[in-house]
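Welcome, and thanks for taking a look at this model with us. Please have the sequence and the 3D view open side by side as you read.

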Amino acid sequence: MSDENVPAAEKNRTVTLIDNLTGRRFELPILSGSTGPDVIDVRKLFQDTGYFTFDPGYTSTGSCESSITYIDGDEGVLLYRGYPIEDLAQHSDFMEVCYLLLYGDLPNADQKRKFEHDITYHTMLHEQMAKFIEGFRRDSHPMAVMVGMVGGMSAFYHDSTDITNPRHRMVASYRLIAKMATMATWAYKYSLGQPFIYPRNDLRFAENLLHMMFAVPCEPYRVNPVLARAMDRILILHADHEQNASTSTVRLAGSSGANPFACIAAGIASLWGPAHGGANEAVLRMLEEVGDKRRIGEYVRRAKDKDDPFRLMGFGHRVYRNYDPRARIMRESCHAVLNELDMRDDPLLELAMELEKIALEDDYFVSKKLYPNVDFYSGIIFRAMGIPTSMFTVLFAVARTVGWVAQWNEMIEDPTQKIGRPRQLYSGPTRRAYKPLAQRV
Ligand code: SDX
């Protein structure tokens with residue numbers, strides 16, 4: 001938060017560290033943001049004290065100052081540039097949310113029209129990328145294709161890789177947001193052996209995504225407006241989420257000056273993990289493995305067993321110690337989609353609802369504040385739409401790209417930005433004499 005906005009009384013707030021062995025005292029400044037927890041500024045800690053902080057997993061560490069997204073984990077609040085996610089999901093669309101995340105406020109009518117046009121006219125891929133994708137096996141996991149294709153964009157779009165050039169950054173950001181949907185659907189079509197479907201400039205973003213996924217050249221394809229609205233809402237809910245693992249990966253990659261396409265490819269790779277964006281795919285596989293309500297107790301017991309690596313996928317969150325507000329909205333969309341598709345008695349949804357009920361009543365989950373997260377329902381909606389499980393995290397990546405590029409731009413434009421280079425607590429061998437081969441037993 002810039003200094004002139006900090007009240008005088010708080011300007012020189014500090015916390016005192018006392019080393020009880022040496023008696024040395026250190027004053028560390030406390031910084032306040034516009035809302036949320038204050039932070040202890042440790043930027044000069046090592047220089048002044050010779051100590052590092054130690055926080056594997058960054059459970060208590062702020063990596064940057066940001067004004068894009070704010071989460072109150074205790075209250076279950078999520079704000080994009082100050083707007084509650086519930087309001088955006090109900091009243092906005094994904095293109096408005098993209099503009100909001102990139103530029104800091106909702107667009108007026110002209111701004112929205114121009115932004116939507118500019119994104120639309122970047123949805124086509126360089127024709128050579130069709131050949132690029134054909135280098136993969138047909139049975140490749142689509143996330144592997146996405147990591148390769150997005151990283152490969154830096155080989156196709158040289159005119160937008162100079163990160164010091166604001167126009168390059170903007171063009172690269174638009175290309176990434178727009179082309180992710182096309183690459184994602186082409187990865188899907190490639191796995192089916194079906195021809196690629198080109199984007200249509202007369203369709204809105206979510207409609208285009210469904211069109212490119214499900215249309216075939218042999219007949220007209222009409223996008224179901226209820227599914228398009230549900231997809232648009234899912235994209236909004238997944239657009240950004242503070243400094244999560246994949247966003248932190250993008251920032252760290254970007255801090256070295258790597259080009260934007262390489263940074264987003266790194267973010268996709270991080271999102272793929274089942275503890276992060278890969279959880280929506282893992283939730284479906286878990287529900288299919290549980291198979292029957294009568295087996296839920298067995299899986300809940302396994303999830304609570306310290307000696308069993310099994311976790312209840314779709315539950316828990318590093319930040320939310322309350323219901324993930326996105327999961328609540330996703331639940332509503334889930335029912336809307338299943339009603340529209342006349343799948344109200346979908347066995348997996350029934351299983352999911354029963355699992356949620358049991359988990360929310362179980363003391364282990366209640367005491368550890370493990371609530372359903374955004375991934376718990378998204379897989380059920382995607383499955384109802386006819387989207388294969390392997391594509392769930394790909395769609396999460398399509399949505400999250402705007403968050404990644406917004407955070408990447410914010411970092412590049414930060415005048416205090418420097419390369420990220422954490423230190424460590426070393427517990428390996430101290431200096432020792434070299435042992436020639438003949439002396440090694
Ligand atoms: C996303 O960061 C983000 O913002 C991510 C995300 C985004 O939008 O970018 O919100 C998207 O990644 C959502 C999370 C999706 N992942 C899952 O659903 C996988 C299942 N969840 C867990 O793996 C876990 O909850 C994490 C990874 C999400 C959070 O793990 P933390 O913060 O490191 O918490 P933890 O592992 O320290 O768990 C705290 C305790 C532990 O028990 P104790 O060691 O204290 O006894 O809760 C337990 C854990 O064993 N626990 C679970 C559990 N999650 C945590 N036990 C059973 N099932 C679970 N799902």
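Here is a short briefing on the overall fold and on the strands.

This is a predicted model, in which local features need pLDDT of at least 70 and side-chain atom pairs count only at pLDDT 80 or more, while totals for chains, interfaces and linings use all residues. Residues are numbered from 1 along each chain as its sequence is written, and side-chain values use heavy atoms, leaving out hydrogens and water. The protein holds 19 helices and six strands; these are DSSP runs numbered from the N terminus, with helices being H or I of at least four residues and strands E of at least two.

**Overall shape**

- The radius of gyration, taken over C-alpha atoms, is compared with a globule rule of 2.2 Å times the number of residues to the power 0.38.
- For 441 residues a compact globule would come out near 22 Å, and the protein's 24 Å agrees with that.
- The C-alpha trace spans about 80 × 70 × 55 Å along its principal axes.

**Burial, contacts and surface**

- Of the 441 residues, 47% are buried, meaning under 20% relative accessible area with a 1.4 Å probe, protein chains only.
- Among contacts (heavy atoms within 4.5 Å) with a separation of 6 or more, 70% link residues 24 or more positions apart.

**Charges**

- The protein has 51 positive and 56 negative charges, with mean positions 6 Å apart.
- Lys and Arg count as positive and Asp and Glu as negative, without His and the chain ends; each charge is placed at NZ of Lys, CZ of Arg, CG of Asp or CD of Glu.

**The open sheet of strands 1-2-3**

- Two strands pair if DSSP finds at least two bridges between them.
- Three strands make an open sheet in the order 1-2-3, with antiparallel pairing.
- Strand 1 (14-18) and strand 3 (39-40) are the edge strands, each pairing on one side only.
- Strand 2 (residues 25-31) is joined to strand 3 by two bridges, and Leu 31 stands opposite Val 39.

- Strand 4 (residues 69-72) and strand 5 (residues 77-80) pair antiparallel over four bridges, with Asp 72 opposite Val 77.
- Their hairpin has four residues between the strands, and Gly 76 in the turn shows a positive phi of about 65°.
- Strand 5 also runs antiparallel to strand 6 (residues 83-84), joined by two bridges; Leu 79 has Pro 84 as its bridge partner.
- In this hairpin two residues lie between the strands, and Arg 81 takes a positive phi near 50°.

Methods. Buried < 20%, exposed > 50% of the residue type's maximum accessible area, 1.4 Å probe, protein only.
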